[in-house]
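Hello,

Here is the structure you will be working with. Please open it first, then read my notes below.

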Amino acid sequence: MKQLNYIKLEFPARSVNEGFARAAAAAFAAQMDPTMEELGDIRTAVSEAVTNAIVHAYPDAVGLVQMRMRILAGDVLEIMVRDKGRGIPDVAKAMEPMYSTGGEERSGMGFTIMGSFMDGLRVRSAVDRGTTVTMRKRIRTKEPA
Amino acid sequence: MKVTSSYQDGRLTLFLQGELDHHQAAAALKKIARTVDDYLPQDCVVDMGGLTFMDSSGIALILKISRLMDQSGGRAWVVNAKNQPLKVIDASGIDRMIKVEV
Ligand SMILES: Nc1ncnc2c1ncn2[C@@H]1O[C@H](COP(=O)(O)OP(=O)(O)O)[C@@H](O)[C@H]1O
Ligand SMILES: [Mg+2]
């Protein structure tokens, strides 16, 4: 698929970066002229994916989180969030609503929300090697006013 | 984010403002748990009218408040959520576990 523009970011897995990642995603997506609702969807999905990398991937260290966003032909925004952390042993199970290994500060609804706010969600993971979450959303160009 | 509260006649209202994510949730919960403990209210109204953003960390927070209130024999519900926070609430299906007034 033809790539029209992209950004790559890398930051340590610290929770203070969750807000930064959302803001960066919204700033990059702005060039596609999304609606307020679409921007909210993008911010939400990024928050979920980045928070997972921060909360779940690195239990004993502060590892790195990579985020790549690109614009593909046909007004499609692709967001990839990658960590090199502990990985997910059973991805299908992890993606079930309410499933969480994170204790009561987590809801287990992260993947469910990513799936419902974006048009595509793919999770690839290997134990002790890391997790890559790739999401796509078609931005429906606004009607001319 | 910011949490403020008001109390009258057995009803505690919590006003959540700003962005509620995992980074903010722990401090918010600490403050809320302390406030609930201070007043031991019958009802706890979680007013989300001032929230500009919430992710699933907010869902976990709502469920936790609901459990806190269950333990003390009271009840909790959510009011005034709109836009992005309301969409997250809808997608999560928590309105089957806690009342959500819009
Ligand atoms: N990047 C990751 N690295 C390791 N485990 C993960 C990662 N992302 C998700 N998981 C696992 O998948 C589960 C479900 O994730 P999610 O739906 O976001 O719910 P929550 O974050 O509330 O637990 C997590 O509890 C965790 O076990
Ligand atoms: Mg999560």
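This is a predicted model: local features need pLDDT of at least 70, side-chain atom pairs count only at pLDDT 80 or more; totals for chains, interfaces and linings use all residues.

**What I found**

Just after H1(B), B:Leu40 takes a positive phi of about 40°. Residues are numbered from 1 along each chain as its sequence is written, chains are lettered from A and ligands numbered from 1 in the order in which they are written, and side-chain values use heavy atoms, leaving out hydrogens and water.

Back to B:Leu40. This residue sits in the loop between helix H1 (22–39) and strand S3 (43–54) of chain B. Helices (H or I, at least four residues) and strands (E, at least two) are DSSP runs, numbered from the N terminus. B:Leu40 is exposed, with a relative accessible area of 59%. The cut-offs: buried is under 20% relative accessible area, exposed is over 50%, and partly exposed is in between (1.4 Å probe, protein chains only).

Now H1(B) itself. The helix has 18 residues and reaches 26 Å from its first C-alpha to its last, close to the 26 Å expected at 1.5 Å a residue. That expected span is 1.5 Å times one less than the number of residues. At its start, a side-chain oxygen of B:Asp21 comes within 3.1 Å of the backbone nitrogen of B:His23.

Which residues of H1(B) are buried? They are B:His22, B:Ala25, B:Ala28, B:Ile32, B:Thr35 and B:Val36. An α-helix has 3.6 residues a turn, so residues three or four places apart point the same way. The cover over the buried residues of H1(B) includes H1 and H2 of chain A. From chain B, it includes strands S1 (2–8) and S2 (11–20) and helix H2 (56–71).

Chain A has a positive phi too. A:Asp33, not a glycine, has phi near 55°. A:Asp33 lies in the loop between helix H1 (17–29) and helix H2 (36–57) of chain A. At 37% relative accessibility, A:Asp33 counts as partly exposed.

Last, ligand 1. It is surrounded by 18 residues (a heavy atom within 4 Å). Among the closest are A:His56 and A:Asp83. A polar side-chain atom of A:Ser100 lies 2.5 Å from an oxygen atom of ligand 1. For an N or O atom in the side chain of A:Thr101, the distance to a ligand 1 oxygen is 2.6 Å.

Best wishes

Conventions: Contact means heavy atoms within 4.5 Å. A polar contact is a pair of N or O atoms within 3.5 Å; within protein, one must be able to donate a hydrogen and the other to accept it, and residues adjacent in sequence count only if both atoms are side-chain atoms.
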